[in-house]
Amino acid sequence: MTVSRKMSGYLNRASWIRKMFEQGAALKSIHGSEHVFDFSLGNPDIPPPEEVLDAMSSLGRTMHHGYMPNAGYPDVRKNVASHASKLYGVDFSPKNIIMSCGAGGGLNVVLKAIIDPGDEVIVLSPYFVEYGFYVENHGGVLVDAPCDDTFLPSGETIARAITERTRAIILNTPNNPSGRVYHGGVLEEISHVLRRHPEILVISDEPYRSIVYDGVEVPSIPAIFPNSVVVTSASKELSLAGERIGYIALSPRGPHRELLVDAMILATRILGFVNAPALMQQVFSRCLSCGVDVSIYQRRRDLFTSILDEAGLGYAKPEGTFYLFARSPIEDDIAFCSALANERILAVPGKGFGRGGYVRFAYCVDESVISGAAQGLKKVAAELS
Ligand code: PLP
């Protein structure tokens with residue numbers, strides 16, 4: 001018994017990630033995890049809001065835990081539709097809301113619903129590393145329309161990436177790994193290009209929407225793009241990454257809405273999710289307006305950027321998320337990560353996000369971990385510069 005050729009190829013492609021985790025685990029076993037400065041994972045460390053914890057403990061005993069319609073509980077979809085309508089300034093009907101197993105589950109449901117083998121999906125590097133796998137899960141092909149050096153996309157680059165096979169474009173703002181927020185001007189430029197291609201679905205992957213700093217506003221994608229779908233989750237905004245809850249909100253203004261919703265509901269079922277977790281649907285539905293204390297992340301961003309400044313490492317200042325995408329002092333970002341690991345600092349090479357020459361630091365860790373890494377960061381930067 002062996003694994004498929006496809007999975008074997010994936011394992012090779014992802015081997016540097018595995019190597020990094022193995023290296024991290026080895027360092028922790030030698031030095032103790034408190035002496036390793038681990039910025040490798042986007043796993044929120046702030047506890048979920050009290051309202052969420054209260055709802056989790058009170059609902060568990062009183063609710064029914066069986067199957068429900070594949071799209072989710074009707075009352076939950078109604079609450080989400082009303083919340084999303086206010087948030088995005090677009091009227092979402094409950095029938096256009098599908099509860100999902102996180103944003104990752106939601107993205108796979110949307111992609112399964114729209115992709116035939118060979119169809120293309122545009123992504124804007126640097127992008128979330130899993131997009132490649134998600135698109136290929138359904139026989140699709142990833143096409144990169146790279147962002148500029150400040151990690152903002154351009155209409156012109158996207159126009160060049162469009163072909164007859166383009167089915168969708170994934171936007172992710174606030175962005176993992178850059179922390180950038182695509183402002184209205186950039187989105188208008190993209191919208192101008194897509195007006196000539198109304199069949200291309202804009203998939204807005206936005207699990208970090210409320211994690212923004214300095215009062216930055218995140219424009220409403222459904223208000224700008226008629227043919228769009230929002231995919232989001234409680235993973236980051238409510239620190240519930242392990243609970244696998246999120247939703248898909250299909251804009252009412254695009255073509256073939258009913259067919260698309262039916263396809264997504266069927267995809268939820270046949271991908272084996274069946275439905276989003278029952279308890280978490282009910283909890284999420286009661287806590288849609290809650291959020292973690294974003295000022296904690298903002299303080300960490302300020303601390304981290306001041307350390308990078310002292311180390312002389314370049315970066316685009318994150319406006320949101322809890323990631324920093326810093327320029328590697330040498331071209332080989334994997335070698336830079338190895339040098340950092342020698343100082344017990346774990347980061348992810350930019351190569352994995354489709355942008356070599358950079359590394360990603362996830363600062364969803366205590367401030368003491370960030371300040372603890374300062375000396376090692378400065379040492380490596382000085383040695384390699
Ligand atoms: N999209 C982006 C940009 C992410 O960074 C992540 C997780 O890190 C996901 C999707 C998946 O999130 P979820 O845990 O909700 O599946």
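Where does proline 126 lie? Select the loop between strand 3 (120-123) and helix 6 (131-137), and proline 126 is there; helices (H or I, at least four residues) and strands (E, at least two) are DSSP runs, numbered from the N terminus. The model in the viewer is predicted: local features need pLDDT of at least 70, side-chain atom pairs count only at pLDDT 80 or more, and totals for chains, interfaces and linings use all residues. Residues are numbered from 1 along each chain as its sequence is written, and side-chain values use heavy atoms, with hydrogens and water left out.

**Stop 1: cis peptide bonds**

Remain at proline 126 and display its bond to serine 125: the peptide bond joining the two is cis, with omega about 5 degrees. Next, select asparagine 176 and proline 177, where the peptide bond is also cis and omega is near 25 degrees. Proline 177 belongs to the loop between strand 5 (166-171) and helix 8 (184-194). For context, most peptide bonds are trans, and most residues other than glycine have a negative phi.

**Stop 2: the ligand**

A side-chain N or O atom of tyrosine 208 is 2.6 Å from an oxygen atom of the ligand. At alanine 103 a polar backbone atom lies 2.7 Å from a ligand oxygen, and at serine 235 a polar side-chain atom lies 2.8 Å from a ligand oxygen. Taken alone, the ligand exposes 390 Å², of which the protein buries 92%; the areas come from the Shrake-Rupley method with a 1.4 Å probe, and for residues only the protein chains shown count as cover.

**Stop 3: loops with positive phi**

Move to the loop between strand 7 (228-233) and strand 8 (246-250) and select serine 239. Although not a glycine, serine 239 has a positive phi of about 55 degrees. Is this residue buried or exposed? Serine 239 counts as buried because its relative accessibility is 13%; buried means under 20% relative accessible area, exposed over 50%, and partly exposed in between (1.4 Å probe, protein chains only).

Valine 274 is found in the loop between helix 10 (257-270) and helix 11 (278-286). Its phi is near 65 degrees, a positive value in a residue other than glycine, and at 28% relative accessibility valine 274 counts as partly exposed.

**Stop 4: threonine 321**

Select the loop between helix 12 (294-311) and strand 9 (323-327) to find threonine 321. Threonine 321 counts as buried, at 0% relative accessibility. Its side chain reaches the backbone nitrogen of tyrosine 323 at 3.2 Å.

**Stop 5: helix 13**

Begin with aspartate 332, which caps the N-terminal end of helix 13: a side-chain oxygen lies 3.0 Å from the backbone nitrogen of isoleucine 334. Within helix 13 (residues 333-342), select Asp333, Phe336, Cys337, Ala339, Leu340 and Ala341, which are buried. Serine 338 is found in helix 13 too, but counts as partly exposed at 33% relative accessibility. Glutamine 23 is 315 residues from serine 338 along the chain, and their C-alpha atoms are separated by 9.1 Å. Just after helix 13, arginine 344 takes a positive phi of about 65 degrees.

**Stop 6: serine 58**

Finish in helix 3 (residues 50-62), where serine 58 lies. Serine 58 counts as partly exposed, at 45% relative accessibility. The C-alpha atoms of serine 58 and arginine 286, 228 residues apart along the chain, are separated by 12 Å.

Technical notes. Polar contact = N/O pair within 3.5 Å; in protein donor to acceptor, adjacent residues only side chain to side chain.
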